[in-house]
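Hi,

Here is the structure I promised to pass on. My notes on it follow below.

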Amino acid sequence: MVGLPARGKSFISQKSKYIESIKTFMWSIILTIFKSVVRYLSWLSIKAKSFNVGSYRRQNHKHPDAEFFDIRNKEGWQKRQEAAEQAVTDMMNWFSDEQGVVAILDATNATRERRDWILRLCRENSIEPMFLESWCDDEKIIKKNILDVKATSPDYEGLNQEDAYEDFLKRIAKYEENYEPLDEIASKDLTFVKLINVSQQVIINKIETYLESRIVYYVMNLHIKPRCIYLSRHGESMYNLEGKIGGNADLSERGFQYAKKLPELVKQLAGDDHQKLTVWTSTLVRTQQTAEHLPYNQLQWKALDELDAGACDGLTYEEIERKFPDDFKQRDENKYEYRYRGGESYRDVVIRLEPIIMELERQENILIITHQAVLRCIYAYFMNVPQEESPWMSIPLHTLIKLEPRAYSTLVQRLKADIPAVSTYKERGTSRLGEIEDANNKSKHLITGEPVSADHPLAIK
């Protein structure tokens, strides 16, 4: 990554917990982009990891002021150089010891000298570097990102927002003194992407591999405007009542009640922004029936259809266990990779959802009404849930979820309708439906799997 502070580097890079890419000098915009690239690659099963130089520096110097980043401050420069060297060493060890695929060196990398150093080290270790720079001169974007990112930055922990803002402006000024942006002449031999004012203009140079092109395509679709994603399963269906999977059943009576209640839930959770919503549904009847009372523009996506159960479509889990015992066991052992006979796996669903994710990154406020497996995959993308855990997340019926992506995290709110519904959750190792409480009388946290007490309002009932 390359870029000045408050340009969204970290958001770009960290959209995944497991992969890291390259960082631009515009910190908060790049922070945004950086997070996004990580999240995206990890979601696609590309092994990646981020190495944040600031985290290494904070181990020994937690709360530096702007003067620490003055290039004339020899002690500050030495500490920052040591942090960069530690990060690069760990990155190289990760490549060799853990067979990593994409590493993101999350730092400003503001000068040609620093980038030449990185280039040399990478080439010596048979690693091909790609530089991603976020260039921004739009003061509104910069100010918004400073307030959004630095208010939660570890560097400003315990400092009020106004003081953090003023100090960070001074820090930017220090970096600007020696900042050398990428350009088509001096950097003509480098593989790089330069984003100008987030997505106003994109310059690409020497993009040569498939993976590089995927990263370019992804960052070209990003925006950093405030937005929310709302998620809901369809209302309870007749198949849900019968314990069957798949199919194209109508809603049950309680499912239709949820459909009537949903507009009220949306207004409650979205507030004034509810008028700006667009609704996406699958092509199956139960999602469209759930959306029929919503007064918003609606689009149907075939990619949002439920995971195809193939030969098991229309069966209960008990019937599957009797009819296909080996398959039933194999799916429990590796649910993410298991593909139903003539059907799909969770990995297959992720692949067909990629265009949905690209479009979600381009859009602002979207309400998605779809199915359990599909929502698990979408939620896993935004929340960095590991692949092996995502198929086991509990996503109850008649619950509206709000996701609000931020620079350092995604905020989550949940609103459960006061309309009963059956549980369609199957625990590992059993064919019966419904969550099983453990010996400590705890049940799964909604979606995330975090334990909460059984009487907690978010506990699964």
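Which residues does Leu 360 touch, not counting those up to four places away in sequence? They are Arg 227, Ile 229, Trp 280, Ile 366, Ile 368 and Phe 382, where contact means heavy atoms within 4.5 Å.

Before the rest, some ground rules. This is a predicted model, so local features need pLDDT of at least 70 and side-chain atom pairs count only at pLDDT 80 or more, while totals for chains, interfaces and linings use all residues. Residues are numbered from 1 along each chain as its sequence is written, and side-chain values use heavy atoms, leaving out hydrogens and water.

**The cores**

Leu 360 is among the five residues that touch the most other members of the largest nonpolar core, along with Val 219, Leu 231, Leu 353 and Ile 368. That core has 62 residues; the term means a set of buried Ala, Val, Leu, Ile, Met, Phe, Trp, Tyr and Cys residues joined through side-chain atoms within 4.5 Å. Buried is under 20% relative accessible area, exposed over 50%, and partly exposed in between (1.4 Å probe, protein chains only). Helix α15 (residues 372-383) supplies the largest share of this core, nine residues. Helices (H or I, at least four residues) and strands (E, at least two) are DSSP runs, numbered from the N terminus. Because domain 1 (17-221) and domain 2 (229-446) both give residues to the core, it lies between them; the bounds come from an automatic or database domain assignment. Another core, of 26 residues, lies apart from it and includes Met 91 and Trp 117.

**The annotated site**

The unreviewed UniProt entry carries a "binding site" annotation on Arg 233, His 234, Gly 235, Glu 236, Ser 237, Met 238, Tyr 239, Asn 240 and Arg 286. Such annotations may be inferred rather than shown by experiment. These residues span 54 residues in sequence, yet no two of their C-alpha atoms are more than 14.2 Å apart, so they gather at one spot.

Glu 236 sits in the loop between β8 (229-233) and α9 (238-242) and is buried, at 1% relative accessible area. Its side chain makes polar contacts with the side chains of Ser 252 (2.6 Å) and Arg 254 (2.8 Å). A polar contact is a pair of N or O atoms within 3.5 Å; within protein, one must be able to donate a hydrogen and the other to accept it, and residues adjacent in sequence count only if both atoms are side-chain atoms.

Tyr 239, in helix α9, is partly exposed at 22% relative accessibility.

Best wishes
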